Number of protein chains: 2
Amino acid sequence: MAQPIDFYFDFSSPYGYLGAEKIEALAGKHGRDVAWHPILLGVVFKTTGGAPLPSIPLKGEYSLRDFVRTARLHGIEFKQPTPFPISTQAPARAFCWVHGQDAVLAKRFAQALYRAYFVDGLDISVADNTVSVAARLGIDSEALRAALNDAAIKDKLKAEVDAALARGVFGSPFVIVDGEPFWGVDRFEQIDHWLATGGW
Amino acid sequence: MAQPIDFYFDFSSPYGYLGAEKIEALAGKHGRDVAWHPILLGVVFKTTGGAPLPSIPLKGEYSLRDFVRTARLHGIEFKQPTPFPISTQAPARAFCWVHGQDAVLAKRFAQALYRAYFVDGLDISVADNTVSVAARLGIDSEALRAALNDAAIKDKLKAEVDAALARGVFGSPFVIVDGEPFWGVDRFEQIDHWLATGGW
């Protein structure tokens, strides 16, 4: 079987959320598995000089409109959360810990975290909220709470982000298919075509 | 007939070039006319804090790859020019002057300028090169050369850029359909859908 495709995402990224709702079906259509990689856009922006969308004049207002419009076009439920954006250490570390035990459950967990934030408006930057989303999936709250402060988990996430930067990842969602990089949920049709044809 | 759709573009923008190759057919399919508006991204970036893509770490390298890949997917000839990006006062002022006399010719002129830069590698920031592209379309070289230094034409372009910023335009291409803003050639399918349905 071909290599999995790599899916990079930040839990505070609306387009990352849309990507998370679509990537498994897209890859599955072509018989490919997906490796999910949380990143921290706050760290990435230190390399690229980027800034959160809402803080950018004109582009910020446009983005808030485009999130809603694009979600609706894809038929994905979306409600602009407040606060936005948020720091995503807690959900990203939680993902790393769950992933270490069960990669399939970790994907369901990531989607549940995204929906908690972008549908229910739950602030998942708060560790207790991340833990409560995990609990709904049967993940042990005590053990997860401990993991969130575990140096090994912090290091694992840091290594993930460093590895992503080393591969040229600068945004969310970001997908790498057999070495070919694609940025943005608006490149998913190109990814579909690339997976079907092997490139053009 | 419905209002024309507004198409904003910078002559140094690869995605603007791709948009310029596609916008007339897209609008025509829905019985709409297109009003072409040159902008100066250098001026826009002073408002938004933006920067030319090649200067941005990671994103710059990705973009150079994405220009070529996206052009090829659309079946549009594209060769990364050097220097890139360029300042676009000369072609934008030339467009404004031609547009004042013949709006249809101005569109053909814009497409010719884009192809000169992104296919033939001609540096259209140089006034002589912009004039030579115009001459091929039968536009008077002497008169155009004079217009490029005419304060009225400079003011007209400045007014175009100010008006664009006032409407929230922050990138290229940028399209406004009945008040609804769309940024990027990767939103052209949304524009198509919007024109067909009146929104969703």
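Let me start with one pair of side chains, B:E180 and A:R65, which meet in a salt bridge at 2.6 Å, N to O. Please keep in mind throughout that this is a predicted model, and that the distance I have just quoted is computed from its atoms, like every other value in this talk. Between chain A and chain B the count of salt bridges is 8, and the count of residue pairs in polar contact, with both residues at pLDDT 80 or more, is 20.

Which elements of chain A supply at least two residues each to the side that touches chain B? They are helix 2, residues 41-48, helix 3, residues 59-74, strand 4, and helix 9, residues 188-197. Of these, helix 3 of chain A gives the largest share, with 8 residues. If we sort that side of chain A by class, we find 15 nonpolar residues, 7 polar ones and 9 charged ones.

Turning to the contact as a whole, 31 residues from chain A and 31 residues from chain B take part in it, and the two chains bury about 2900 Å² between them, with 57% of that area on carbon and sulfur atoms.

Now to the sheet of chain A, which is open and mixed in its pairing, with 4 strands in the order 2-1-3-4. Its edges are strand 2, residues 34-38, and strand 4, residues 180-183, each of which pairs on one side only, and the twist from one strand to the next averages 20°. Helix 3 of chain B, residues 59-74, packs on this sheet, where it touches strand 3, residues 174-177, and strand 4 of chain A, and its direction makes about 95° with that of strand 4 of chain A. Within the sheet, strand 1 of chain A, residues 5-9, pairs with strand 2 of chain A in the parallel sense over 5 bridges, and A:F9 has A:P38 as its bridge partner in strand 2.

Conventions
Residues are numbered from 1 along each chain as its sequence is written. Chains are lettered from A and ligands numbered from 1 in the order in which they are written. This is a predicted model: local features need pLDDT of at least 70, side-chain atom pairs count only at pLDDT 80 or more; totals for chains, interfaces and linings use all residues. Side-chain values use heavy atoms; hydrogens and water are left out. Two strands pair if DSSP finds at least two bridges between them. Axes are lines fitted to C-alpha atoms, for helices over the stretch in contact, and angles run from 0 to 180 degrees between N-to-C directions. Contact means heavy atoms within 4.5 Å. Buried area is the accessible area (1.4 Å probe) that two parts lose on being put together, summed over both. A salt bridge is a side-chain nitrogen of Lys or Arg within 4 Å of a carboxyl oxygen of Asp or Glu. A polar contact is a pair of N or O atoms within 3.5 Å; within protein, one must be able to donate a hydrogen and the other to accept it, and residues adjacent in sequence count only if both atoms are side-chain atoms. Ala, Val, Leu, Ile, Met, Phe, Trp, Tyr, Cys and Pro count as nonpolar, Asp, Glu, Lys and Arg as charged, and the others, Gly among them, as polar.
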